[in-house]
Every structure is written in structure tokens, then in C-alpha cells.
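Biologist: Before I rely on a model, I would like to learn how its features are read. Could you take me through them one at a time, with the general idea ahead of the particular case?

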Amino acid sequence: MQIDLSGKRALVTASTGGIGLAIAIGLARAGAHVTLNGRSEDSVQRGLEAVREHVPDAGLDGIAADLSDAAGARAIMKACAEVDILVNNAGIYGPKPFFEVDDELWESYLQTNVMSGVRLSRAYLQGMMARGWGRIVFISSESALNIPPDMLHYGVTKTAQLSLARGLAKLARHSGVTVNSVLPGPTASDGFVAMLKEQAEKEGKSIEQAGIDFVRSARPSSIIGRPASVEEVANMVVYACSEQASATSGAALRVDGGVVDTIA
Ligand code: NAD
């Protein structure tokens, strides 16, 4: 299968590192023009350079905007009038006991993880439908289904994304536009590695080993028994954005290494 996205314009939110950067590289490799997004000009420049290292002739631009509020989404819409592919990747995560999560933190999770995707889908979906082609992908999580009690505030936002993606897919019915969610399991992104770093140093082990140990103890249902790489997640996203994935819409596509212990 040859995925060819030349002529398509893609926007990947929070794509200066982690899973988002790998998705940006994958889409650029498939020929799409990719708009990167990060919170600062510096991180956007570094992201652009990172994509160019892998895909020297990539069609690229970047927007510095913080998607934790409406102003950030507006800045993106102003700089980028229409897109054919929207990947809602921006998301924050981290453990915190439920009884210590105040309204302000709940609000910031809801704004960054859910409302950023609401705002951008509202801005771009109708144009995609009018043009008869489009792809929207929400980067949710296995935590949408296996709600982690130590990250309840995160799990709730990831389940909300599934609901949003499914509903938007129905809104876009018969239009040539697909909307899907991708559910990564533990993935060795920058954020995930940062989360493990302190523990790895304390126990004198490598990050790789700390990742394996984390998955096997904290996510024991994992079938692969290790974190996925960011590229493994990006491959699924690039497929979901491809012409070839035209019969897949309203789906929750797992790249969770088998963590969610159900068949369907
Ligand atoms: P990461 O922390 O490694 O990278 C996130 C990138 O987003 C960084 O470059 C950061 O600068 C940028 N960013 C953060 N907040 C932003 C904001 N408000 N506006 C714009 N940019 C912002 O993250 P990741 O692990 O690659 O996660 C990406 C997505 O994948 C998230 O939605 C996350 O919930 C989901 N996910 C991750 C894992 C995992 O194990 N890493 C598992 C399941 C789902």
C-alpha cells in the first residue's frame, strides 16, 4: 500500500515533540503539506528542523499558539484558513489523586484535551464537507476505556474525545470526510520519558528498562509488554488520514499494545 497525501494540507496540534512530531513526520513523508504547532516560536522552529531532517523536501509551516484556551485556537484559525487533515493531538497528562484535583486543574484538562479539538473541528469540518474530502483524528488514549483512578481527570477528557469523534463522524456522514480516534497505550514520547526519568535515575536503570517495568507493573494487561514507539502510533494515524482508510469512520483505533483487555 502506497500512501500518497500530496496536495493535502494537514494541521497537527502540539507537534513539536512526542507523538505529534512523529505524526507530522509521517504525514510529510506521505507528501502532505504539514502545519506544525507548539507553544513557542523556538519550539516550532525546532519542530520544523526535526521534520526536515527526516523529510528534507517537506512542505511545512508552523504556528506558535497555546491551545489551552480559545485565543490559541483563534490564532491557529487566523493563520490557517482551511485544512484537509486535522490531527487533534494536543493533550496534557499526569497522575494526581482525585481529592487533590481542584476545579482549576479540571478546567485546564478540559480546555486543552477536549475544547481545543471542539474549536478546531468547528472551524474546519464544514469546509472539508463542502470540498467532499477530509480527515479528522483525535489522539485519545487507552485511558479513555481503562480509566486510571490516579488520573481520573485525564481519563474523563480522553473518553470525551471518543464521544466527540463519534458524533462528528455522524455529522459528516455521506460527505467523504472521516472522523476517528486513535487510542495509544503507554508510548515512549518526550512527556512519557520525562515522567519516568526521575524513577529511572533513582533506581539506576535505563529509560528503556523503566518503560518496560512501568508497563508490566502499571499496565499488566499489555500484550506487547513495553511502551510503543511514537512511530508505531504515528503509523496508525497516517493510515487513518490516508485515501485508503475511506471506509473507516467513527472508529476508535487502538495502538495500545493490547492493554485494553477486550476483543472489540
Ligand atoms: P508530549 O508531552 O511528549 O508532547 C506534547 C507536545 O505538545 C510538546 O511538544 C508540547 O510542547 C506540546 N504542547 C503541550 N501543551 C500544549 C498546548 N497547550 N498547546 C500547544 N502545544 C502544547 O506528549 P505525548 O506523550 O506525545 O502526547 C500526545 C497526545 O497523545 C496527548 O493527547 C496524550 O494524551 C496522548 N497519549 C499519550 C500517551 C503516552 O503514553 N505518551 C498515551 C496515550 C495517549
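Modeller: Let us begin with secondary structure: helices (H or I, at least four residues) and strands (E, at least two) are DSSP runs, numbered from the N terminus. This is a predicted model, and its protein chain has 8 helices and 7 strands.

Biologist: How does the radius of gyration of the protein chain relate to the globule rule for 264 residues?

Modeller: The radius of gyration is taken over C-alpha atoms, and the globule rule is 2.2 Å times the number of residues to the power 0.38. Here the protein chain has a radius of gyration of 18 Å, close to the 18 Å given by the rule for 264 residues, so the chain is as compact as a globular protein of that length. Along the principal axes, its C-alpha atoms fill a box of roughly 50 × 40 × 40 Å. Buried residues account for 50% of the 264 residues, and, of the contacts with a separation of 6 or more, 73% are between residues 24 or more positions apart.

Biologist: What covers the buried residues of α5?

Modeller: The covering elements include β4 (85-88), α4 (103-131), β5 (134-139), β6 (177-184) and β7 (252-255). Among the buried residues of α5 are H153, Y154, L162, L164 and L168. The 20 residues of helix α5 (residues 152-171) should span 28 Å, and the end C-alpha atoms lie 29 Å apart, which agrees.

Biologist: How many salt bridges does the structure hold, and which parts of the chain does the pair of R9 and D61 link?

Modeller: The general idea is that side chains of opposite charge can pair when their charged atoms come close. The structure holds 8 salt bridges, and in one of them the side chains of R9 and D61 meet at 3.2 Å, N to O. This pair links distant parts of the chain, with R9 in strand β1 (residues 9-12) and D61 in strand β3 (residues 60-64), 52 residues apart. R9 is partly exposed at 26% relative accessible area, and D61 is likewise partly exposed, at 25%.

Biologist: Where do K197 and E201 lie?

Modeller: An α-helix has 3.6 residues a turn, so residues three or four places apart point the same way. K197 and E201 both lie in helix α6, 4 residues apart, which is about one turn of the helix, and they form a salt bridge whose closest N and O atoms are 3.8 Å apart. K197 is partly exposed at 45% relative accessibility, whereas E201 is exposed at 57%. A further salt bridge joins K205 to D213, with the closest N and O atoms 2.7 Å apart.

Biologist: How many aromatic pairs does a search of the whole structure find?

Modeller: The search finds 3 aromatic pairs. The rings of F192 and F214 have centres 5.6 Å apart and planes at 80°, so this pair is edge-to-face. Because F192 lies in helix α6 (residues 190-203) and F214 in helix α7 (residues 207-218), the pair ties together parts that are 22 residues apart in sequence. F192 is buried, at 6% relative accessibility.

Biologist: Which ring does the charged end of K8 sit over?

Modeller: The charged end of K8 sits over the ring of W133, 4.0 Å from the centre of that ring.

Methods
Residues are numbered from 1 along each chain as its sequence is written. This is a predicted model: local features need pLDDT of at least 70, side-chain atom pairs count only at pLDDT 80 or more; totals for chains, interfaces and linings use all residues. Side-chain values use heavy atoms; hydrogens and water are left out. Rings of Phe, Tyr and Trp (its six-membered ring) pair if their centres lie within 6.5 Å; planes under 30 degrees apart count as stacked, over 60 as edge-to-face and the rest as tilted. Buried means under 20% relative accessible area, exposed over 50%, partly exposed in between (1.4 Å probe, protein chains only). A charge sits over a ring if NZ of Lys or CZ of Arg is within 6 Å of the ring centre and within 35 degrees of the ring normal. A salt bridge is a side-chain nitrogen of Lys or Arg within 4 Å of a carboxyl oxygen of Asp or Glu. The expected span of a helix is 1.5 Å times one less than its number of residues. Contact means heavy atoms within 4.5 Å.
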